[in-house]
Number of protein chains: 2
Amino acid sequence: MQNLDATDRAILGILSREARIPMKSLAGRIGLSRSATTERVTRLEKAGLIRGYRADIGQLEEGQIEAFLMVTLRRTPSLGVLDRLAGFTSVRRVSSVSGQLDLVVEVRVASINALNELRNDVAQLENVEDLTTSIVLRREIERS
Amino acid sequence: MQNLDATDRAILGILSREARIPMKSLAGRIGLSRSATTERVTRLEKAGLIRGYRADIGQLEEGQIEAFLMVTLRRTPSLGVLDRLAGFTSVRRVSSVSGQLDLVVEVRVASINALNELRNDVAQLENVEDLTTSIVLRREIERS
DNA sequence: GCGTGCATCAGGCAATCCGCCGGTTGCGCC
DNA sequence: GGCGCAACCGGCGGATTGCCTGATGCACGC
């Protein structure tokens with residue numbers, strides 16, 4: 001089980017989001033017979049690529065909004081900005097990245113208002129040139 | 001659906017680890033009939049407490065390079081793209097977001113070559129209009 | 001070429017499971 | 001008591017599953 005082909009990847013893709021789908025439907029979606037599909041799934045399970053099937057349990061507490069702040073700096077690196085960012089409790093993760101952007105900041109806030117305030121605070125930090133905000137509408141895939 | 005009783009919690013507990021279990025077996029484990037169990041599960045699903053069922057996908061090999069792929073789609077939403085993305089074991093998280101972008105895809109790969117191949121694969125997916133890649137240089141802040 | 005072994009696939013059968021329905025029980029309320 | 005309602009149980013027909021047999025494609029060695 002070194003390399004998975006496109007069919008294997010299609011199986012993983014569908015099962016990772018619809019784990020309770022009947023084998024027959026899965027077979028139809030990937031264009032194989034039911035028995036062949038079952039064999040592939042069994043192989044993927046035994047190879048450890050499918051570790052199990054989990055219900056995705058919603059959180060009991062509501063009102064948590066997550067967002068990505070894409071930050072461009074005037075000069076990089078910028079320790080000052082990182083220090084300031086670390087001061088916000090709603091900041092969950094900050095990654096320095098290559099390319100057009102400089103920082104990807106992941107935040108979790110209680111409301112749109114809180115997000116807006118945070119956004120303004122970050123945008124006004126010394127050395128922040130540009131900032132675009134993308135609110136997470138839905139977490140489509142989440143692993144490990 | 002404010003307060004879930006002990007039976008509901010037992011259902012969530014079992015399904016969160018064995019999502020593909022037959023309703024009859026689940027019913028036996030919690031001490032109810034199959035139809036009553038099905039009703040409870042349906043209620044939990046409709047209440048949003050069970051958001052879905054996902055296969056737990058393992059990784060082929062441990063990678064050390066992480067990156068963000070910022071994806072713009074031609075039409076949204078796009079189930080096909082999500083299915084395909086979920087098929088790549090190096091894809092760790094996918095978020096639908098508002099704004100200029102449509103998807104933020106977080107990946108972990110073994111090498112720059114692997115990232116390049118993945119990037120090409122994703123860029124060529126049906127319905128993907130634009131794709132920009134930001135390699136994570138350093139994880140500056142990481143919480144919970 | 002040609003047989004062998006192996007991996008992968010399709011189709012069929014009996015057993016099981018699911019969606020749906022009617023019927024029962026328990027309980028609060030007027 | 002009589003009523004409404006929520007939760008439960010059991011059963012039916014159709015769908016799905018596990019398991020089997022057999023067909024196909026392909027690499028390998030002689």
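**Exercise 1.** Work out which elements of chain A the buried residues of H3(A) pack against.

*Solution.* Start with the partners: helix H1 (6–15), helix H2 (23–30) and strand S1 (50–57) of chain A pack against the buried residues of H3(A). Contact here means heavy atoms within 4.5 Å, and helices (H or I, at least four residues) and strands (E, at least two) are DSSP runs numbered from the N terminus. Before going on, note that this is a predicted model, where local features need pLDDT of at least 70, side-chain atom pairs count only at pLDDT 80 or more, and totals for chains, interfaces and linings use all residues. Residues are numbered from 1 along each chain as written, chains are lettered from A and ligands numbered from 1 in written order, and side-chain values use heavy atoms, without hydrogens and water.

Next, name the buried residues (under 20% relative accessible area, 1.4 Å probe, protein chains only): Thr37(A), Arg40(A), Val41(A) and Leu44(A). They sit on the same side of H3(A) because they cover an arc of only 100° around the axis, taken from the directions from the helix axis to the C-beta atoms. Finally, turn to the face away from that buried side: Glu39(A) and Lys46(A) are exposed there, exposed meaning over 50%.

**Exercise 2.** Find which element gives the largest share of the surface near DNA strand D.

*Solution.* A residue is near the strand if one of its heavy atoms lies within 4 Å of it. H3(B) gives the largest share, 5 residues. Now look at two side chains of chain B: a polar atom of Ser35(B) is 3.1 Å from a base oxygen of DNA strand D, while one of Arg40(B) is 2.9 Å from a phosphate oxygen.

Key: A polar contact is a pair of N or O atoms within 3.5 Å; within protein, one must be able to donate a hydrogen and the other to accept it, and residues adjacent in sequence count only if both atoms are side-chain atoms.
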